[in-house]
2 protein chains.
Amino acid sequence: MEKRTEYIEGFKFSAVAAGIKKPGTDRLDFGLIYSDRPAAAAAVTTTNLVYAAPVAITRERIAGGLCQAVLINSGNANAYTGEQGLSHAKELTGELSAALGIAPDLVIPMSTGVIGHQLPMDRMKSALPALVSELGKSRFMDVAHAIMTTDTKAKTVAIDAEVSAGPFRIAGMCKGAGMISPNMATMLSVILTSLRVEPRVLRECLKEAVQDSFNAITIDGDMSTNDTVLVMAGGSRDAVALPESLSDRMAFASALNQACLDLAHQVVLDGEGTTKVVEVQVTGAPDEDSARRVARVIGDSPLVKTAFHGEDPNWGRILCAAGRAGVPFDPDKVDLSIGVVPIVRNGAVVPEDWESAAHGAMQAKEFTVRLDLKAGDAGARIYTTDLSEEYVTINADYRS
Amino acid sequence: MEKRTEYIEGFKFSAVAAGIKKPGTDRLDFGLIYSDRPAAAAAVTTTNLVYAAPVAITRERIAGGLCQAVLINSGNANAYTGEQGLSHAKELTGELSAALGIAPDLVIPMSTGVIGHQLPMDRMKSALPALVSELGKSRFMDVAHAIMTTDTKAKTVAIDAEVSAGPFRIAGMCKGAGMISPNMATMLSVILTSLRVEPRVLRECLKEAVQDSFNAITIDGDMSTNDTVLVMAGGSRDAVALPESLSDRMAFASALNQACLDLAHQVVLDGEGTTKVVEVQVTGAPDEDSARRVARVIGDSPLVKTAFHGEDPNWGRILCAAGRAGVPFDPDKVDLSIGVVPIVRNGAVVPEDWESAAHGAMQAKEFTVRLDLKAGDAGARIYTTDLSEEYVTINADYRS
């Protein structure tokens, strides 16, 4: 996959070691993504009421539907840093825009790392010229590495697809669920496509793609102050434009969904202390929101997640979680299975010996829980992890 | 405390070892509480959509406002047992009512233990005559022991107070958060008072008392299929009646609140894998519901709970949890403190060296987190626990 994302028409990359978290280290921590021309752009940001300075700026600037450069750092989230944090982010993106000769509003800042600390402005400002001069010499993967915090591996995806006007590529990078105190489980993702897409269409497609991917994963139910998914479209002057036909739009939307789902999946797999990834599928709900709510309550329940960890087909905990989601259904009608193993059918535990088979299904690193509420036609799925002793150990570790 | 609850006017007790979970064991697991006359009664039961057979029967019978006997067992929750579970509970309470010579509707069944298994009717029916004949020979504490599952100690409370008509006593028992698979964290409580109280008044007072006690504790956010708090008032023919004055009503309500809070506190303290009990106080909320929601999201956050475990004053995780509760407030205005140590004031981290003091405050087994949202005048508090490796180990343990 690394090879395939090395090149995407119209975009250039650079990454340097600015020593943001600790001076003098040579770990890449400061990256730049640059589009040859102002690209159509859309973003989905955290719904947390407490949001970081770069998120505030992203929301403001993305409203125009254009972006030409993304300045992205790890080591410091610039969150809970007040007015000073805001001016720092503006100052950095301002200096960068001057160096690049573009409008300041075309630069989007993204940050991840410790919160409650001001950015080390001296070190970051000194690194800006190198970021600009290195443009095109670094690779996509270097930026993907620069945004890692406690991620154990860089997370990228590349998809080649086609619309009636020609082929296009989507390349995405993502950082995931690092939760070393006092960081949050910040999720940052930048997705690039060679296709030229109207900002409005891009926004609609991204919203939908995020719903079923990044918004469908849960590691501990917490949402970070910095979570951002940004998409940029058509960096090249010669970019193929997305035709207006429904089938073309569906082809693009489907590729974007696939990219988001793949990245989200990598985030869950790399979650701290994760030993299992579980897909919770809820069907037969009155509406999609209800299905999602039931799936999420199941996926967030510590009792369910510890049972996943213990490979214990504890259907009682799953149904009990479903029962407190606030969605009306008749418990005496539901079907529940783990993997291919049916456990509850029409509200009653199946008479066959399901237990060892279900336990066996849960010994896989990835498995599915299916719950049919028989209360409607809507469904949703979320991806969750188990809850392990290691998760607690990592997150209870006092900052040293 | 044991001594003080040995006697409460108008009520008799019995408890036997019926071998409900496993035949032949001599652990008390079947109890009976009997009132000399039909007592005014009220109950609050689980809000989970999936509720056990005894809960269904309790709801129906308590509607009349009277109860004379409580038949209560551990070892089997009679939950997710369908129509058969319902008839089993009706059959047992029916036989008991015949033996006691009272109307079947005056018997309330309560169960806790494994779910998805039918009650061992033979063993339970054989034990009924002994339960009846032992009435008055067993003590309050014997029943408190009979309802324990994974509780490490019996939980009881006794309060002596006074209304203008004379003194009264409240005695309560409770079982808590046993979560050994496939049990739920069932919470059962029976509270008795020597005072004669109108069913309507009793209902109102109980509802309010439960709100700020049993409904204000969270160990893992899960709610059981069997949770029930039952109160019975004025078992004796000579019971002092609660006068209608407001001050008398307040005296009773206050004693009932105190009893519920004391029991709820014991439940949290005895939570599996609990090493800390944390009171989360939220003030300055637009309304009480909002305050409660913010407190609960903080108290349910695995990231916050692991930080509690690590004695890490990680204010970022607390504010981040508050920010996703869906309650409007301005993060730049809030105050946050742990114990007596101020950490955030008017949205900014205090300039003083708060860290070691806050860490020190968290080394206590019990401490308080205070968050002032500065967005209104309402407040609420909840009690939560830390999240420990031991919690995971206990709950991930595969049933053997």
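Strands β11(A) and β14(A) (residues 366–372) pair in the antiparallel sense over four bridges, where two strands pair if DSSP finds at least two bridges between them. Within this pairing, A:S337 has A:R370 of β14(A) as its bridge partner. The model is predicted: local features need pLDDT of at least 70, side-chain atom pairs count only at pLDDT 80 or more, and totals for chains, interfaces and linings use all residues. Residues are numbered from 1 along each chain as its sequence is written, and chains are lettered from A and ligands numbered from 1 in the order in which they are written.

**The sheet**

- Both strands belong to an open sheet of seven strands in chain A, with the order β8-β15-β10-β14-β11-β12-β13 and mixed pairing.
- Its edge strands are β8 (217–218) and β13 of chain A, each of which pairs on one side only.
- Helix α7 (residues 288–300) of chain A packs on the sheet and touches β8, β10 (277–285) and β15 (378–385) of chain A; a contact requires C-beta atoms, placed from the backbone, within 7 Å.
- The direction of α7 makes about 20 degrees with that of β15(A); axes are lines fitted to C-alpha atoms, for helices over the stretch in contact, and angles run from 0 to 180 degrees between N-to-C directions.

**Two hairpins**

- β11 (residues 335–338) and β12 (residues 341–345) of chain A pair in the antiparallel sense over three bridges, and A:I338 stands opposite A:V341 in β12(A).
- These two strands form a hairpin with two residues between them, and A:G339 in the turn has a positive phi of about 60 degrees.
- β12(A) also runs antiparallel to β13 (residues 348–349) of chain A, joined by two bridges; here A:V344 stands opposite A:V349.
- β12(A) and β13(A) likewise form a hairpin with two residues between them, and A:N346 in the turn has a positive phi of about 50 degrees.

**The chain as a whole**

- Chain A holds eleven helices and 15 strands; helices (H or I, at least four residues) and strands (E, at least two) are DSSP runs, numbered from the N terminus.
- The C-alpha trace of chain A spans about 70 × 55 × 35 Å along its principal axes.
- Of the 400 residues of chain A, 59% count as buried (20 or more other C-beta atoms within 10 Å of the residue's own, with C-beta atoms placed from the backbone).
- Among contacts in chain A with a separation of 6 or more, 79% join residues 24 or more positions apart.

Technical notes: A residue is buried if 20 or more other C-beta atoms lie within 10 Å of its own, exposed if 12 or fewer, and partly exposed in between; C-beta atoms are placed from the backbone. Two residues are in contact if their C-beta atoms, placed from the backbone, lie within 7 Å.
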